[in-house]
Amino acid sequence: MSDLHSTPGTQNFETVAIHAGNTADPLTGAVVPPIYQVSTYKQDGVGGLRGGYEYSRSANPTRTALEENLAALEGGRRGLAFASGLAAEDCLLRALLSPGDHVVIPNDAYGGTFRLFAKVVSRWGVEWSVADTSDPEAVRAAVTERTKAIWVETPSNPLLGITDIAAVAQIARDSGARLVVDNTFASPYLQQPLALGADVVVHSMTKYMGGHSDVVGGALVVGDEALGEELAYHQNAMGAVAGPFDAWLVLRGIKTLAVRMDRHSENATKVTEMLTRHARVTRVLYPGLPEHPGHEIAAKQMKAFGGMVSFQVEGGEEAAVEVCNRAKLFTLGESLGGVESLIEHPGRMTHASVAGSALEVPADLVRLSVGIESADDLLADLQQALG
């Protein structure tokens, strides 16, 4: 495999995205890593693993290529690929936490993450509390002597909140906790949480990393080798690993991550400019807007502002649902980060699980995943959907 992952910072991102973890196949010269669709491997004698491979739950060459690539992109020491983003989160929480431990989670988080804490992790005797992570002092106030992790999404899902990663990393260090940053909305092209002091980066690779709405996957990247080994042990013990074809699809998607994120960000900026002028739109949530409360921090820690936009409409929940239903080019659907544009109503779709909790989202909220189509066509579709 490529050794670019061992020297982060020596190549520009676009080069690393294409080459890290990728080498020409030594047998045929194929420039793309093969899909090793195999469960087991011929060993060189009892206990003599050939190249370190024995069984594909433990390791698979296609997954290894992806994991090396992930580590390089985030400037980490170890990358791990999972069957989904939630599988990655589950592995991380089981590795970090024990009964009686406490976690601070954001008041604006993905509904599946909240469900994992509220309905699954809590059954292990792990406690959690909610804080506005955009306010470092609110995070500090939520930390207890039993806090083992502080969980952050930035930009957050679906309200596009921004957390000062470096400031919260200092709070985590002061309290002896690990800082976990869900970097899904930004991708490693736009934001590097480990360089800002985070301990663990989480990705749903289903989104921007894969980029084509054709694969489900998750990732963890860490800067500490010992923590990476511990997570790898749990990954193997629990088994929710990325399959070889899924790993291959994500590797393929990552090669165009930089150019896609540039276009996502460019189109999202044009969409927000139109929405801020529309009479039916009461509020636009996008960190690229100067009036966004986290704009200055986002400008400091992000390369650009990404492709996710949320907005609220006059007329309440039914009006928001109607906008979603009227859209034609924007596909009504969950998930995000693909080349095609998506529209959804978080309150009834991706964030239904947080209803009635401290994370409940506004009923008049619409979330957009702005794709890489013609911006003019996207604007025309939103204008007709808004009426």
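Where is the place of Pro155? Pro155 sits in the loop between β4 (147-153) and α6 (165-175).

## Basis of the model

This is a predicted model, in which local features need pLDDT of at least 70 and side-chain atom pairs count only at pLDDT 80 or more, while totals for chains, interfaces and linings use all residues. Residues are numbered from 1 along each chain as its sequence is written, and side-chain values use heavy atoms, with hydrogens and water left out.

## Overall build

The chain holds 13 helices and 12 strands. Its radius of gyration is 21 Å, close to the 21 Å that the globule rule gives for 387 residues, so the chain is as compact as a globular protein of that length. That radius is taken over C-alpha atoms, and the globule rule is 2.2 Å times the number of residues to the power 0.38. Helices (H or I, at least four residues) and strands (E, at least two) are DSSP runs, numbered from the N terminus. Along the principal axes, the C-alpha atoms fill a box of roughly 70 × 50 × 35 Å.

Of the 387 residues, 55% count as buried. Buried means under 20% relative accessible area, exposed over 50%, and partly exposed in between (1.4 Å probe, protein chains only). Among contacts between residues at least 6 apart in sequence, 71% join residues at least 24 apart. Contact means heavy atoms within 4.5 Å.

## Surface and charge

The accessible surface comes to about 15,400 Å². Carbon and sulfur atoms account for 52% of that surface. Areas come from the Shrake-Rupley method with a 1.4 Å probe; for residues, only the protein chains shown count as cover.

The chain has 30 positive and 46 negative charges, and their mean positions are 3 Å apart. Lys and Arg count as positive, Asp and Glu as negative; His and the chain ends are not counted. Each charge is placed at NZ of Lys, CZ of Arg, CG of Asp or CD of Glu.

Most residues other than glycine have a negative phi, and most peptide bonds are trans. The loop between β4 and α6 holds Pro155 and also Pro158. The bond from Thr154 to Pro155 is cis, with omega near -10 degrees. The bond from Asn157 to Pro158 is cis too, with omega near 15 degrees.

Two serines have positive phi. Ser187 is not a glycine, yet its phi is about 75 degrees. It belongs to helix α7 (residues 187-190). Ser187 is buried, at 1% relative accessible area. Ser335 also has a positive phi of about 75 degrees. Ser335 lies in the loop between β10 (331-332) and β11 (342-344). At 26% relative accessible area, Ser335 is partly exposed.

Val104 is part of strand β2 (residues 102-106). Its relative accessibility is 0%, so it counts as buried. Beyond its neighbours within four places in sequence, Val104 contacts Ser129, Ala131, Ala142, Val143, Thr147, Ala149, Ile150 and Trp151. From Val104 to Ser187 the separation is 83 residues in sequence and 23 Å in space, C-alpha to C-alpha.

Thr133 occupies the loop between β3 (127-131) and α5 (136-142). It is buried, at 5% relative accessibility. Not counting residues up to four places away in sequence, Thr133 touches Pro106, Asn107, Val139, Trp151, Val152, Thr163 and Val168.

Helix α3 (residues 85-96) has 12 residues. From first C-alpha to last it reaches 17 Å, close to the 16 Å expected at 1.5 Å a residue. The expected span is 1.5 Å times one less than the number of residues. Of the 12 residues of α3, 10 are buried, so the helix is largely enclosed by the rest of the structure. Among them are Glu89, Asp90 and Cys91.

In helix α12 (residues 316-326), the buried residues include Ala319, Ala320, Val321, Val323 and Cys324. Their cover includes β9 (308-313), β10, β11, β12 (365-369) and α13 (375-386). Arg326, also in α12, is partly exposed at 34% relative accessibility. Arg326 touches Gln384, Ala385 and Gly387, leaving out residues up to four places away in sequence. Arg326 and Gly387 are 61 residues apart in sequence and 8.9 Å apart in space, C-alpha to C-alpha.
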